[in-house]
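Here's a friendly walk through one protein chain. Have the sequence and the 3D view ready, and let's take it step by step.

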Amino acid sequence: MNSLSGSLRYFKGVGPQKIKLFKKLSINSVESLLYYFPRRYEDRSSLAKISKLEIGKPYTIKGRVLAKADRRSWKRPGFSIVEVALGDETGRVFAVWFNQPYLKNYFKVGHELILFGKVELYKGRLQLSNPEFEMLVGVQDDSLSTGRIVPIYSVCEGLTQRFMRSLVKQALDKYMPKLADPLPYSIRNRHAFLNLAQSLINIHFPKDEESKKEAYRRL
């Protein structure tokens, strides 16, 4: 557990099944987890209000499930459609997922969701087609998922964004204080580079756009 080459199995929430899923992502050690960088970020410090959505633009929004439905396409037999009406204090928007029937059991009326996708106008209503989503249900600590710039990772089925963030945070908290930086201080100072530990922290959980850019520059 004290080595960067150590297994993830000692971390909270990681069992044999999770280890198999991580192997699919080529994450086989603490080090490979720390260097598994986000594929993009969402600024959830100021989520868009539904009433302010504009057609053709991508947004991250937060709302409560007002209603849900699932049906089969009458044009394409066997093709499923899962639909959710999401609302906040300013309005409502619809989210639709195509041919992902398992999603019908994910959503419950009253639960909060975060959606990311491009807004469309369909039959006179605002709609997001196949948006990325994250559920805000049964979680005591949302500090890594709301109110900040949030990392979004490439994951496989069985691994959630929330779990990835929690695991990365565990690894950073444990290993960064004693991480040796192979780049000499003189070189870091000459080029105004961050140290390695701060770079890894900022690449996963940047405070702002500038700290993310500085982390990328160093790494």
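We'll begin with the overall layout, then visit a pocket and a pair of helices.

A quick word on the ground rules: this is a predicted model, where local features need pLDDT of at least 70 and side-chain atom pairs count only at pLDDT 80 or more, while totals for chains, interfaces and linings use all residues. Residues are numbered from 1 along each chain as its sequence is written, and side-chain values use heavy atoms, with hydrogens and water left out.

So what's in the chain? You'll find six helices and eight strands; these are DSSP runs, numbered from the N terminus, with helices being H or I of at least four residues and strands being E of at least two. Going along the sequence, the pattern reads α-α-β-β-β-β-β-β-β-β-α-α-α-α. The C-alpha trace spans about 65 × 40 × 30 Å along its principal axes.

Now for the largest pocket, which holds about 750 Å³ of space. (A pocket is an open set of points on a 1 Å grid over the protein atoms alone, where a 1.4 Å probe fits, with protein on both sides within 12 Å along at least five of seven lines; lining residues have an atom within 4 Å of a point. The volume is the space filled by probe spheres set on the points, which are joined across faces, edges and corners.) Of its 29 lining residues, Phe133, Val155, Leu159, Thr160 and Gln161 are the closest to the centre. β7 (132-136) is among the elements that supply at least two lining residues each, and with four, β7 gives the most.

Finally, look at helix α5 (residues 196-204) and helix α6 (residues 209-218): their axes come within 8 Å and cross at roughly 130 degrees. (Axes are lines fitted to C-alpha atoms over the stretch in contact, and angles run from 0 to 180 degrees between N-to-C directions.) On the α5 side, Leu196, Ser199, Asn202 and Ile203 meet Ser211, Lys212, Ala215, Tyr216 and Arg218 of α6, where contact means heavy atoms within 4.5 Å.
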